[in-house]
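This briefing sets out selected features of the structure shown below, grouped by topic.

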Amino acid sequence: MNINYNTDGTLPPDAFRITGGETVTIASADGAGALYGKLALEEKIKLGADAKTLDITSVPAAKNRILNHWDNMDGTVERGYAGGSLFFKNGDFAWDPKRIEEYAKMLAAVGINGISINNVNLRDDSRRLITEERLPQLAELAAAFRPYHVRLIIAVDFAAPKTVGGLPTADSFDDGVIAWWRETAARVYAHIPDLMGFLVKADSEFQAGPAALGRTQADGANVLAAALAPHGGTVFWRCFVYDCLQDWRDTKTDRPKAAYEHFFPLDGAFAENVVLQIKIGPVDFQVNEPVSPLLGALTKTRRAIEFQVTQEYTGQQIDLYAHAVPWTRALKTLVRPGQTLAQTRADTVVGVSNVGNDANWTGNPLALANLYTFGKLAWDPTLGAEEILRDWATLTFGNDAAVTGTITEMLLQSHDVFAKYTAPLGIGWMVQPGHHYGVNVDGYEYMKWGTYHRAAHDALGVDRTSRGTNLTAQYPPEIAAVYENTDTCPQDLLLFFHRLPYSFRLKNGATLIQHIYDTHFEGVEDVRRFIATWETLEPRLQPQLFAVVAERFGRQLENAVEWRDQINTYFHRLTGIPDEKGRKIYD
Ligand code: GCU
């Protein structure tokens, strides 16, 4: 196939137009657009399109489409389930140029244009990535990503003027600190002129920040922004700020309110090159959460929607779990009157990476669908889950309709299945503390992290309506009204927003307790069905792939059984209410 590349200055950055014919024309305003156009053409052809009749104009919805790696320099990956780091080992850089090139190409193929490689939780060695000692190697890595238009971001320590620079303070109002950041930015950009910027987790889970020094989040972010501005760099400032030393006896403090409380009053106070990076849900990447009220509330500040591609609370790449369904649902959620999250056009979309140095990238090969989904939605947040997953399955497994159809269907169901056998109706957090895989109903109940279900013999859940912690008041009134009322609150968020008696009747007529029993029995049966379905594909799949996934399904079943039995027993013991259907609940 002949391809003709045209420059069309009227197209926005990164955008492309493909016009089919004997010779296919790809028009773009820049090199990135030309690359995205070429990769999109390859993808369309693999998906069965006729190059002669193509007529596509594609413009990314978000300017910055970024992956955050949480990789440590010792080679481990925080919340990583796919081997070690692609970038680091034993306290040093260690990367395979061939692997990085493949990775960069893979990222470009889904439109990702930025990547941070080091964990937002800084350690001594990673704090020093911005020093002369480390920058030459970092620049080499930046060069490896550059041909694919993927720009590096560095996660930095807010206290770096002290911890790295040896200054007595990191206070944003101190002249020495201001100068130190300016010099640091100049040094970093001398090595990596196209660096996208700095990523900061400040005042969050024991990372240093401006609050401890009596300054606001805006004071803190703006000092870094001023240092980066002359170089065209951006500060990605995370909003995951909450009291992680809460007393469980305190029922007034409510963790999901925290990001809004800290950042909404500062709307408009941040420099133009600061992007507030906000987790998609107000708590922490649970299976079902509402969309963060902060995402819709900010109108004068740039913002990023942060997704967690890696499956920390969602099965750790053992259990089958496609993010496509909950993410597309979230993007369609109204966050302002008449406006969905996708339409607010946050100019940055971030995903916490699910990739490691395992040969198949994601440990579970089916988890690669989540990286694909992330890139596709960052580019076009109006896409549907089914088309994304079907395309991924076709690109990955070829055009055997039985295989792609079956895998697409399993992926589409996977979120609901996982939600059935884990914590009920949006309540979250009934996981093993620390590593977060598997059930532990009270694992976080008496801890300091602000994550409580408050189950009693007569009722379950946290009242976050105007009668309770009033989280709902952070949403526009029309949207708050939906959550306030148990008739209109989406069922999968019922116990997120309401504290309800076990006798509460759901829409299908079942009581809350019966729903808990039913879904937990069903979830296990659904996993058994996944296993049986997967087995039908054995003759059509490459043996190694079949075996790796089959082994994970085996572990998923054990996990689901354990969840089912512990959840059902816990609530049966607490309430004394029997299962109407008389199934086995252990006492
Ligand atoms: C979660 C996760 C941490 C991570 C944090 C974050 O709490 O468990 O490992 O550091 O999110 O987003 O910063």
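Which residue in β4 is the bridge partner of Ile18? The bridge partner in β4 is Ile56.

The model is predicted: local features need pLDDT of at least 70, side-chain atom pairs count only at pLDDT 80 or more, and totals for chains, interfaces and linings use all residues. Residues are numbered from 1 along each chain as its sequence is written, and side-chain values use heavy atoms, with hydrogens and water left out.

**Domains**
- The protein is divided into domain 1 (2–58), domain 2 (64–383) and domain 3 (385–462 + 499–587), with bounds taken from an automatic or database domain assignment.
- Between the C-alpha centres of domain 1 and domain 3 the distance is 42 Å.

**Open sheet**
- An open sheet is formed by four strands in the order β1-β3-β2-β4, with mixed pairing.
- Because β1 (2–7) and β4 (55–58) stand at the edges with a single partner strand each, one side of each is left without a neighbour in the sheet.
- From one strand to the next, the twist averages 15 degrees; axes are lines fitted to C-alpha atoms, and angles run from 0 to 180 degrees between N-to-C directions.
- Strand β2 (residues 16–19) is joined to β4 by four bridges, and the two run antiparallel.
- Strands (E, at least two residues) are DSSP runs numbered from the N terminus, and two of them pair if DSSP finds at least two bridges between them.

**Barrel**
- Eight strands make a closed barrel, β5-β8-β9-β10-β11-β12-β13-β16, with parallel pairing.
- Asn68 stands opposite Ser116 in β8.

**Ligand surroundings**
- Around the ligand are 14 residues, of which Glu78, Lys201, Arg238, Lys279 and Glu312 come nearest; a residue is near if one of its heavy atoms lies within 4 Å.
- By class, this shell has four nonpolar, two polar and eight charged residues, where Asp, Glu, Lys and Arg count as charged.
- An N or O atom in the side chain of Glu78 is 2.4 Å from a ligand oxygen atom.
- Polar side-chain atoms of Arg238 and Asp284 each lie 2.7 Å from an oxygen atom of the ligand.
- The protein covers 96% of the 310 Å² of accessible area that the ligand has on its own, by the Shrake-Rupley method with a 1.4 Å probe.

Key: A polar contact is a pair of N or O atoms within 3.5 Å; within protein, one must be able to donate a hydrogen and the other to accept it, and residues adjacent in sequence count only if both atoms are side-chain atoms.
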